[in-house]
Amino acid sequence: MTNTDRFTSVWDAIEDTPEEAANMKVRSQLMLQLKSHITNSGLSQADAAKILGITQPRVSDLMRGKINLFAIDALVNMAAKAGLQVELQLLDAA
């Protein structure tokens, strides 16, 4: 990397391909929104686990940002169980 290299996202900088970076961007946004929802709702990890249909240790992994442990489909399912609406927007790559 040179001093002139600029990235729009940390994922663009650290992932090997644009496809991997795009996947990580989606996963990170889903995780951030789920974490925010759990925190703002005042849910304990045990209560969040019941709502999301997962174990408390899995909620702990989510809250600690262990992104490598979560696939997009699992995160979308958790968001739906939490009563969140997931929307997808595709844009032309610049």
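Me: What share of the chain is buried?
Reply: Of the 94 residues in the chain, 26% are buried. Bear in mind that this is a predicted model.

Me: How confident is the predictor, then?
Reply: The chain has a mean pLDDT of 89, and 91% of its residues reach 70 or more.

Me: Where is confidence lowest, and where is it highest?
Reply: It is lowest in helix α1, residues 10-14, at a mean of 68. The highest is in α4, at 98. Where pLDDT is low, the predicted coordinates should not be read in detail.

Me: OK. How many helices and strands are there?
Reply: Five helices and zero strands. In sequence order the pattern is α-α-α-α-α.

Me: And what does the C-alpha trace span?
Reply: About 45 × 25 × 20 Å along its principal axes.

Me: How much of the contact count comes from residues 24 or more positions apart?
Reply: Such pairs account for 55% of the contacts with a separation of 6 or more.

Me: Let's look at α5. Which of its residues are buried?
Reply: α5 covers residues 72-81, and its buried residues are Leu75, Met78 and Ala79. Viewed down the axis of α5, they fall within an arc of 100 degrees, so they line one face of the helix.

Me: What is exposed on the other side of α5?
Reply: Asp73 and Ala80 are exposed there.

Me: Which helices do the buried residues of α5 pack against?
Reply: They pack against α2 (18-41), α3 (45-52) and α4 (56-63).

Me: Take α2 and α5. What is the angle between them, and how far apart are the axes?
Reply: The two helices pack at about 25 degrees, with their axes 10 Å apart. Angles under 35 degrees count as roughly parallel, and α2 and α5 are therefore roughly parallel to each other.

Me: Left-handed or right-handed crossing?
Reply: α2 passes α5 in a left-handed crossing.

Me: Which residues meet there?
Reply: From α2 the set is Asn23, Val26, Arg27, Leu30, Met31 and Leu34. On the α5 side they meet Ile72, Leu75, Val76, Met78 and Ala79. Leu75, Met78 and Ala79 are also the buried residues of α5.

Me: Last one: what follows α5?
Reply: Gly83 follows α5, and its phi is positive, near 85 degrees.

Methods: Residues numbered from 1 in each chain as written. Predicted model: local features only at pLDDT ≥ 70, side-chain atom pairs only at ≥ 80, totals over all residues. Heavy atoms only, no water. Buried < 20%, exposed > 50% of the residue type's maximum accessible area, 1.4 Å probe, protein only. Helix = DSSP H or I, 4+ residues; strand = E, 2+ residues; numbered from the N terminus. Arc of directions from axis to C-beta. Contact = heavy atoms within 4.5 Å. pLDDT = per-residue confidence, 0-100. Axes fitted to C-alpha atoms, helices over the stretch in contact; angles between N-to-C directions. Parallel < 35°, antiparallel > 145°, perpendicular 65-115°, else oblique. Left-handed = near helix turned anticlockwise from the far one by under 90°.
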